[in-house]
Amino acid sequence: NSIWVSTDHDEIEKVAKQFGARVHRRSPEVSQDSSTSLEAITEFLNHHPEVDIVGNIQATSPCLHPSDLVKVADLIQKEGFDSVFSVVRRHQFRWSEVKKGENKMTEPQNLNPAKRYRRQDWPGELYENGSFYFAKRHLIEKGYLQGGKMAYYEMRAEHSVDIDIDIDWPIAEQRVLSFGYFGKEPLKEVKLLVCSIEGCLTNGRIYVTEDHKEMVSYDYRDIVGIELLKKRGIQVRLISERDCSKTLSAMQLGCVAKISASNKLQVLKDWQEDMGLSWKEVAYLGNEESDVECLKQAGMSGVPADACAAAQKAAGYICKSSGGCGAVREFAEHIFLLLEKVNSARKQ
């Protein structure tokens, strides 16, 4: 019924509220490196007597889908389970550990070496993947997250990502791009990318010479990104609130552009209708408050790393690159990854 972020960190609190979550401010006692999730949840319940069920969603498991949570909530609310936790099926053979100095041999734990299973012939084993733990209040107050009438919920392997050490982070990023949650409607082939010029294609800075001429800088990687999009059959159009016709002429991008656009959303709607596209076929890269409504409307949306807070909140993807420093190329690669997902789904 309510979504909370438990934290003792000012910046995390700020971002959580920005995205619509409520914040429980952790006490120093349960904010130590050695503190457990159970301690934090128990403290939360002490401040919220109205809460009967807690779904502890681990931030280190970023591929969790809303549909999984709905099914788990039903297990507790409709089928009467006291606790439900997430598992994933693994096909891994286990052997006993032999410590240094011990005079013994390792032993198989879950296999007969003389009759090894093929993966496809072995159902495997269920392991906790740490994605979530749901439990009723009375169980937590006894000091348990798992107990009473228990059930597990088996998640798909591609959604089971756990960030534990540094090397897990880039792996998780690629998993999210390939298997993350992209909304309730199925993805469609992107046909049009609209990019804001200032702050996305350029870094937003304007250099003025002594003879009053303006100069801007751009990143060649972004030009390559635009060319790659065109080769994939994706039209690229540019939009700006300023009159930057001389800049566009100098860059020689060969893209349709709308400058001095006082209403970016109306321009976007006109382009979408003229091309006969659904909104799911439109991608938008913006960075300012004037881009927010376009970001919300487009089927795929992104912002550079240095975009304003309102734009970041409205976007589906936040680049690691800043505006004018490779953000267009990065967003193009993000689009390509999602299109691979679409093509893969069609083949299946």
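A salt bridge here means a side-chain nitrogen of Lys or Arg within 4 Å of a carboxyl oxygen of Asp or Glu. With that criterion, a search of the whole structure returns 19 salt bridges. Some notes for your own look at the model follow.

1. **Ground rules.** This is a predicted model, in which local features need pLDDT of at least 70 and side-chain atom pairs count only at pLDDT 80 or more, while totals for chains, interfaces and linings use all residues. Residues are numbered from 1 along each chain as its sequence is written, and side-chain values use heavy atoms, with hydrogens and water left out.

2. **Aspartate 74 and lysine 78.** These two side chains meet in a salt bridge, at 3.7 Å from N to O. For accessibility, buried means under 20% relative accessible area, exposed over 50%, and partly exposed in between (1.4 Å probe, protein chains only). Aspartate 74 is partly exposed because its relative accessibility is 28%, whereas lysine 78, at 68%, counts as exposed.

3. **Glutamate 154 and arginine 89.** A salt bridge joins these side chains at 3.0 Å, N to O. Glutamate 154 belongs to strand 6 (residues 150-154) and arginine 89 to strand 4 (residues 83-90), so the pair ties together parts that are 65 residues apart in sequence. Helices (H or I, at least four residues) and strands (E, at least two) are DSSP runs, numbered from the N terminus. Both partners are partly exposed: glutamate 154 has a relative accessibility of 34%, and arginine 89 has 29%.

4. **Arginine 94 and glutamate 125.** Here the closest N and O atoms of the salt bridge are 3.2 Å apart. Arginine 94 sits in the loop between strand 4 and strand 5 (125-136), and glutamate 125 in strand 5, so that distant parts of the chain, 31 residues apart, are linked. Arginine 94 is partly exposed, with a relative accessible area of 34%.

5. **A salt-bridge network.** Which residues are linked in a network of salt bridges? They are Asp10, Glu13, Lys17 and Arg25.

6. **Aromatic pairs.** The structure holds six aromatic pairs. Rings of Phe, Tyr and Trp (its six-membered ring) pair if their centres lie within 6.5 Å; planes under 30 degrees apart count as stacked, over 60 as edge-to-face and the rest as tilted. Phenylalanine 93 and tryptophan 122 are stacked because their ring centres are 5.1 Å apart and their planes stand at 25°. Both residues lie in the loop between strand 4 and strand 5, so the pair ties together parts 29 residues apart in sequence. Phenylalanine 93 is partly exposed at 25% relative accessibility, while tryptophan 122 is buried at 10%. By contrast, phenylalanine 132 and phenylalanine 134 form an edge-to-face pair, with 5.7 Å from centre to centre and 90° between the planes. Both of these phenylalanines are buried. Ring pairs also link Phe93, Tyr117 and Trp122 into a cluster.

7. **A charge over a ring.** Lysine 149 lies over the face of phenylalanine 81, at 4.7 Å from the ring centre. The criterion asks for NZ of Lys or CZ of Arg within 6 Å of the ring centre and within 35 degrees of the ring normal.

8. Six strands make an open sheet with parallel pairing, in the order 11-10-7-12-13-14. Strand 11 (256-258) and strand 14 (317-318) are at the edges with a single partner strand each, so one side of each has no neighbour in the sheet. Two strands pair if DSSP finds at least two bridges between them.

9. **Around strand 13.** Strand 12 (residues 282-285) pairs with strand 13 over three bridges in the parallel sense, and alanine 283 stands opposite methionine 300 in strand 13. Two bridges join strand 13 (residues 300-303) to strand 14, again parallel, with valine 303 facing its bridge partner isoleucine 318. Strand 13 is covered on both faces: Met300 and Gly302 are buried on one side, Ser301 and Val303 on the other.

10. **Crossovers.** Strand 12, helix 10 (residues 292-297) and strand 13 form a right-handed β-α-β unit. From strand 13 the chain passes through helix 11 (residues 309-314) to strand 14, also as a right-handed β-α-β crossover. Right-handed means that, with the strands pointing away from the viewer, the path from the first strand over the helix to the second runs clockwise.
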